[in-house]
Amino acid sequence: MLNTKRQGKLAAIAVLTASAMALTACGSDEPAATNAGGGSSAPAEPVTITVHTFGGGNNFGYGEAVKKWNAEHPNIQVKHENLTDRFEDVYLPQLLQKLQAGSGTGDIVGIDEGAMGLMKARPQFFTDLGQYGLDSRKADFPAAKWENGINKDGKLFALGTDIGGMAMCYRKDLFEKAGLPGDREEVGKLWPDWNAFMEVGKKFQEKVPGTKFLDGPNTLYNTILSQEAPKNGNIAYFDTNNQLVIDKNPAIKTAFDTVKSFSEAGLTAKLASFTNEWNAGTKKGAFAVMGCPAWMVGVIEGNAGEENKGNWDVAAVPGGAGNWGGSYLAIPAQSKHPKEAAEVLNYLTGKDGHIAAFKEANAFPSSLVAQKDPAVADKTNPYFNDAPVGKIFGASTEGLLPVFLGEKHAQVKTAAEKVLEGMDKGSIPYAEAWDKFIEAGTKAAG
Amino acid sequence: MTLNVDAPAPARKTGPRRSSGNRGAKRGGNGLARFDLRATPYFLVSPYFLLFTLFGLFPLGYTLWVSLHDWELAGDKTFLGLDNYTELIADEAFWNAVVNTVGIFVIATIPQLVMALLLANALNKRIRGRLFFRLGILLPLVTSVVAVAVVFTQLYGRDYGMVNWVLSLFGVEAIEWQNQSWSAWIAIATMIDWRWTGYNAIILLAAMQTIPKDLYEAASLDGASPRRQFWQITVPMLRPTLIFVVFVSTIGGLTLFAEPVMFEGNPTMAGGATGQYQTVAMFIVKEGFRDFDMGYASAAAWMLFALILIGILINYSFTRRIGGNK
């Protein structure tokens, strides 16, 4: 009952951690040997640039990239901290609090595309990257990725890291058990569209009764939404005037209805994404197929574990190209060393940084230069039966248009998907789900 | 120092004037000592009040101020007056959270206090290995709330949980414990009871041991059964302690947070797809730090404060009647 006491302690720890972070961020002038060499534009005083990111497994995949930079730049040392694996409900609220408080953020912060609308509307918190010459990088990025880094004042404040793209991850061994083809080319041909996909699912579950076809509602929903949004004016929950269109955008209705039909057909394992049960289900083979942006490949590898090596593979997605997720790096205005931070940001979002991240975390580069590099284009993934991930995700990201994500996209997305989870698990009747879905989204936007 | 201050205190009851006169005579003449005597106690208790002002009163007032605004986290702030409160009173989601909180409180606390009372009574008897049992019931308290919740949540897992496995032996189909209010409330209530029953039992046991033995001896001479002794002597004598235990349980129950959050398995603070087990504390965090609406969250926090006061008043009026003497 004395929960209050416990919370008090937690709060105290939180405060301590926050202030410790503030201290590390401020007190970054570490005395270090100022021997010559290294970075050409290195300042006289050595500085530490803190990079804060989020994400599960290998998250942004910056381990090697940072090691390499630090070896070459004794005067600008990078300290990479991955704060949490959850973005919308942990990383984002903490980042906003630190921005508001004026201290505690990293010199460089990672931002998921879902919160870019929110950050674009708050230009006062971020450094204009144009003043450090980073606006010259426009040609490196697809228009979609570049435009999203420009805030409401028209200033460049963030550069792209990875891009999601879209494919389907599937259990090769279970497919073969069900008498379906296991080869990724043939699997891709099994499902040109979502109707065909459903037929495959029914066939699969007949043959392998212990395993569901899909994991749950979230991945399927986001996969379809990522394909439908570009067909419906490149918007999702909000139109370009930041008005909520959750009830009007056909893309959302299509994605919702498709998820509903799969759920009603009993083709899902009723697992909500990024929960312990979902992780366990991935490991224990509770389902056979999952919508798979590039970064999800790393998540599956982490969750399914070594014993499932070779069981998974990657095939084309029904219904064509789309993009789910992908991130950006920005420099908060509170950074004491914006110039040096800009150099690091330039490196991490440059060709070498992108390639290193792809190798480490399968974070598919948004940088066009990096995409064309053989290290990316020809990369295969040994965990996924040597699937040519470079080719698959490269093809899925070609010609993508920017999807506008409103200022409150993250909140609405979380609330709406919660209803999908409830519908799938049976706590919301199918007949009421659409109304509840709109209601939850509208409330989160209000 | 403290001894000097405390020592005359009992004497005061019989004759305050004379007692303080004596002390004055002894100490008179030394101004510094008198100042020391008068001021030091205040000085010594002041850290608490300073900290309370800083971390208790100020946030309380500031929250009130924020609650009068449309206050977005790291965003715009506009004065609204009482709009947040009127919106909150009409908000179904808020009342849903209130119902959940009170529901979980009732099904967790009432059995818990009854169990604690019976446990304390049993441990107050001469039984073999008394110390072992007394320590044993207190053991759950040393585990962290979060750890308890994590373990219980796994026990209540749909696919791989032990509770469903045991139920399946009796032919019960796998229950998704998070899905309905009743099942989620029960699951959360068991977490609370597992951790806090022993704690309350120990407090009640300590109070029981202060009840004079001769009361029981006299009662048994008069032929009162042990059951009658329990209801007619033990329970009425425990009343002040029971009131304390009920107060603390009420505050803890109405600010319930960690268990349902861990039970959900992700920190969205939604308490299930339709908020089946979202407590008021979760509602506040969700509004403030998931939807970034600090003003609305602050208003909800003040409503919770009011609810706790009401809850305590209701419980006080109940517990006062225990024993039926007054």
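**Chain A, overall**

I started with contacts in chain A: among those between residues at least 6 apart in sequence, 76% join residues at least 24 apart. Contact here means that the C-beta atoms, placed from the backbone, lie within 7 Å. This is a predicted model, where local features need pLDDT of at least 70, side-chain atom pairs count only at pLDDT 80 or more, and totals for chains, interfaces and linings use all residues. Residues are numbered from 1 along each chain as its sequence is written, while chains are lettered from A and ligands numbered from 1 in the order in which they are written.

Next I checked burial: 55% of the 446 residues in chain A are buried (20 or more other C-beta atoms within 10 Å of the residue's own, with C-beta atoms placed from the backbone). I get 19 helices and nine strands for chain A; these are DSSP runs numbered from the N terminus, H or I of at least four residues for helices, E of at least two for strands.

**The sheet**

I traced an open, mixed sheet of five strands in chain A, in the order β2-β1-β3-β9-β4. Its edges are β2 (76-84) and β4 (158-163) of chain A, each pairing on one side only. Pairing takes at least two DSSP bridges between two strands. I zoomed in on β1 (residues 47-54) and β3 (residues 108-112) of chain A, which run parallel and share two bridges. Val51(A) has Ile108(A) in β3(A) as its bridge partner.

**Two domains**

Across the boundary, 26 residues of domain 1 of chain A contact 19 residues of domain 2 of chain A. On the domain 1 side, α3 (87-101), α4 (116-120), α5 (143-147) and β4 of chain A each supply at least two residues.

**Chain B**

I then turned to UniProt, whose unreviewed entry puts "domain: ABC transmembrane type-1" at residues 98-315 of chain B; such annotations may be inferred rather than shown by experiment. That span is 73% helix and 0% strand, with its end C-alpha atoms 17 Å apart. The entry also lists "transmembrane region" for several stretches of chain B, including 42-65 and 299-318. I find residues 42-65 of chain B 100% helix, with end C-alpha atoms 31 Å apart. Residues 299-318 of chain B are also 100% helix, and there the ends are 29 Å apart.

Notes: A residue is buried if 20 or more other C-beta atoms lie within 10 Å of its own, exposed if 12 or fewer, and partly exposed in between; C-beta atoms are placed from the backbone.
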